[in-house]
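Work through the exercises below with the coordinates open. Try each task before reading its solution.

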Amino acid sequence: MRIIKKIDVMRKFSLAEKNKGRTIGFVPTMGFLHAGHLSLIKKAGKRNDIVVVSIFVNPAQFLPNEDFSAYPKDFRKDALICGEESVDVLFYPGRKDIYPAGFSTYVEETSLSKSLCGGSRPGHFKGVTTVVAKLFNIVVPNTVYFGQKDAQQSYIIKRMVSDLNMPVEIKVAPIVREPDGLALSSRNKYLTKGQRAKACFIYKALKIAEKRVKKGERSSAKIKAAIRHVIEANLRGEIDYIDIVDTENLKPLKKLKRKVLMAVAVNVGKARLIDNIILKPGR
Ligand code: AMP
């Protein structure tokens, strides 16, 4: 496995491989890799000749009061993990390479990014789309792998790719969870033992809500209240949002129909935990 830090070296490598007729699968990450990231890497390895993983903690997607400087890092371990997987290149650019002095161009999706996490983290997705667009230009991938864990992000990236005619295919992989249901996240590291033990109630709440939908409940307010009740009864945290949105436009729904995204964000101690389920309730 090669570790590449420079943008021009990365792009040259990719273009040379593509000239040889090879396909490039790309997994962008912020590092501190876990089994969720690995599932994307494995998927990329199955379908592509070359696998590129990037590690870049993107300052542009953190709000001033967020955990940018505290974000967990362990590059040596990440490099070992990638070395054991089917990764050909670990792209590890520096902050000044990605955002040199005078940087002033951003990519912004202006509709899907307004609800859910976009409501409580204004500017977050503008940082995400900007860095992802830059990474696409640098890595020149055929296929890029994202996780359902960040469901809104994957919808926004798909929209960006379509709106801006980017020649890449986006694949979204299922959420990888701990045995008790907690979605794997680099931010789980912030949880104390007590918080960790209770954090599984976020997913349990979503599953209880899913059951109610399967039994016929279609009122968004009632389902959201059920989720809130389970979380508040079991978890000491501050609920940021509980929402049920249409997967077409990510706008909140009063009645469940077609395909919906049920998504939750809860601040537990220092960790902002997000989770979601997609449901097809029918009419
Ligand atoms: P991050 O390093 O948190 O920016 O995540 C990099 C990629 O891994 C994103 O596409 C995430 O959606 C994905 N990812 C993070 N956690 C999980 C998980 N538990 N299961 C599946 N994919 C994940």
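The exercises cover a predicted model, and each task is followed by its solution.

**Exercise 1. The length of a helix**

Task: What span should the 13 residues of helix α7 have at 1.5 Å a residue, and how far apart are its end C-alpha atoms?

Solution: 
- Step 1. Helix α7 covers residues 151-163.
- Step 2. Check what comes after the helix. Asn165 follows α7 and has a positive phi, near 50°.

**Exercise 2. The buried side of the helix**

Task: Which residues of α7 are buried, and what covers them?

Solution: 
- Step 1. Apply the cut-off: buried means under 20% relative accessible area.
- Step 2. In α7, the residues Ala151, Gln152, Gln153, Ser154, Tyr155, Ile156, Ile157, Met160 and Val161 are buried.
- Step 3. Look for the cover. It includes two helices, α5 (116-120) and α6 (124-139). It also includes the strands β5 (143-147), β6 (169-173), β8 (260-268) and β9 (271-279).

**Exercise 3. The six-stranded sheet**

Task: What is the strand order in the open sheet of six strands, and which strands stand at the edges?

Solution: 
- Step 1. The order is β1-β4-β3-β2-β5-β6, with parallel pairing.
- Step 2. β1 (2-4) and β6 each have a single partner strand, so they stand at the edges and one side of each lacks a neighbour in the sheet.
- Step 3. Neighbouring strands of this sheet are turned by 25° against each other on average, direction ignored.
- Step 4. Take one pair. β5 and β6 run parallel over five bridges. Tyr145 stands opposite Lys171 in β6.

**Exercise 4. The three-stranded sheet**

Task: How do the strands of the open sheet of three strands pair, and in what order?

Solution: 
- Step 1. The order is β7-β8-β9, and the pairing is antiparallel.
- Step 2. The edge strands are β7 (238-246) and β9, each pairing on one side only.
- Step 3. From one strand to the next, the twist averages 10°.
- Step 4. Helix α9 (residues 201-214) packs on this sheet and touches β8 and β9. Its direction makes about 20° with that of β9.
- Step 5. Go through the pairs. β7 and β8 share eight bridges, and Asp246 stands opposite Val260 in β8. β8 and β9 share nine bridges, and Leu261 stands opposite Ile278 in β9.
- Step 6. The hairpin of β8 and β9 has two residues between the strands, and Gly269 takes a positive phi there, near 55°.
- Step 7. Eight of the nine residues of β8 are buried, so β8 is largely enclosed by the rest of the structure.

**Exercise 5. The ligand**

Task: Which residues come nearest the ligand, and what distances separate His37, Asp150 and Leu184 from ligand atoms?

Solution: 
- Step 1. There are 17 residues around the ligand, of which Met30, His37, Asp150, Val176 and Leu184 come nearest.
- Step 2. A polar side-chain atom of His37 lies 2.9 Å from an oxygen atom of the ligand. For Asp150, a side-chain N or O atom is 2.6 Å from a ligand oxygen atom.
- Step 3. A polar backbone atom of Leu184 is 2.9 Å from a nitrogen atom of the ligand.

Conventions:
Residues are numbered from 1 along each chain as its sequence is written. This is a predicted model: local features need pLDDT of at least 70, side-chain atom pairs count only at pLDDT 80 or more; totals for chains, interfaces and linings use all residues. Side-chain values use heavy atoms; hydrogens and water are left out. Helices (H or I, at least four residues) and strands (E, at least two) are DSSP runs, numbered from the N terminus. The expected span of a helix is 1.5 Å times one less than its number of residues. Buried means under 20% relative accessible area, exposed over 50%, partly exposed in between (1.4 Å probe, protein chains only). Contact means heavy atoms within 4.5 Å. Two strands pair if DSSP finds at least two bridges between them. Axes are lines fitted to C-alpha atoms, for helices over the stretch in contact, and angles run from 0 to 180 degrees between N-to-C directions. A residue is near a molecule or strand if one of its heavy atoms lies within 4 Å of it. A polar contact is a pair of N or O atoms within 3.5 Å; within protein, one must be able to donate a hydrogen and the other to accept it, and residues adjacent in sequence count only if both atoms are side-chain atoms.
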